[in-house]
Amino acid sequence: MQCRVVHNRLYNAVVVFVAILVASILCACSSEMNRGDEALRIGDYDRAVLNFSKVLDREPANRDARYGLAIAYYAIAEDKERLRESTFALWERTVREFKILSVVDSSEKIKPMYSTALFYLARAMLSENEQARVLSLLDQSIQLDSENYFSYNLKALILGAKGDVDGAKKIYAYIVTREPKFASAYVNLGNLYWNARDYESAWDIWSMGHEALPQDAVLAKWTKVAEDSLKAMVYSGKL
């Protein structure tokens, strides 16, 4: 009887201890999540990374902490982009966090940022090595967000550089059809025609872009260049 009482007391003590331990862990996680969220809100991204990482040390599948960590790394990398600093390692880490996050959160809300992170990683890789193979990253980016025209545009640039001019033209045409205010697509598509000495088509594209974006200095410049070239050709009898 006495042994049973002792056993029951030990059992109850263990239950209480486990309950207290779980409560303290939950409390710590909650506190660290709150600190991470607050740090994220005020732009203290390094501290946000620290707090979300502590939560994930205990709960690797914590969706909210994963999301917070991915956003924090994204923000840090974006800040570095604005300062024109090397960002390859940061975007690589950001993409890795979004990849893990996609396992614990299948919702659509993470896809646009994940897609953008892949675009920035591809661009950072090219800045480190012009021969870097990034088409698969851009395809994944486009698959995640079919309206990420930056990824389409970069893919077209790469295809054009590789000699697939028709493939590049199709992508640029697709971009300006879907997003008529995307200046780079007009510029790059016009360049393809200009380099092929099809000056009329180059003027058509650049002037179309200039009409859609009258304040864009680059489109204004190349529209004028093409226009002057066509006039010179007419005066010389070449057109």
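This is a predicted model: local features need pLDDT of at least 70, side-chain atom pairs count only at pLDDT 80 or more; totals for chains, interfaces and linings use all residues.
**Exercise 1. Which residues does Asn148 touch, not counting residues up to four places away in sequence?**

Residues are numbered from 1 along each chain as its sequence is written, and side-chain values use heavy atoms, with hydrogens and water left out.

*Step 1.* Find Asn148 in the loop between α6 and α7. Helices here are DSSP runs of H or I with at least four residues, numbered from the N terminus.

*Step 2.* Look for contacts, meaning heavy atoms within 4.5 Å. Asn148 touches Ser115, Thr116, Phe119 and Ser141.

*Step 3.* Check the accessibility. Asn148 counts as buried because its relative accessibility is 6%. (Buried means under 20% relative accessible area, exposed over 50%, partly exposed in between, with a 1.4 Å probe and protein chains only.)

**Exercise 2. Work out where the buried residues of α6 lie on the helix.**

*Step 1.* List them: in α6, residues 135–144, the buried residues are Leu137, Leu138, Ser141 and Ile142.

*Step 2.* Look down the helix axis. The buried residues of α6 fall within an arc of 135 degrees, so they line one face of the helix. The arc is taken from the directions that run from the helix axis to the C-beta atoms.

*Step 3.* Now turn to the face away from the buried side, where Ser136 and Gln143 are exposed.

*Step 4.* Find the packing partners: the buried residues of α6 pack against α5 (111–128) and α7 (149–161).

**Exercise 3. Describe helix α11, from its span to its surroundings.**

*Step 1.* Helix α11 covers residues 217–235, which makes 19 residues. From first C-alpha to last it reaches 27 Å, close to the 27 Å expected at 1.5 Å a residue. The expected span is 1.5 Å times one less than the number of residues.

*Step 2.* Pick out the buried residues of α11: Leu219, Thr223, Ala226, Leu230 and Met233. Down the axis of α11 they fall within an arc of 90 degrees, so they line one face of the helix.

*Step 3.* Ala217 and Tyr235 are exposed on the other side of α11.

*Step 4.* What covers the buried residues of α11 includes α9 (183–195) and α10 (199–212).

Conventions: Helices (H or I, at least four residues) and strands (E, at least two) are DSSP runs, numbered from the N terminus.
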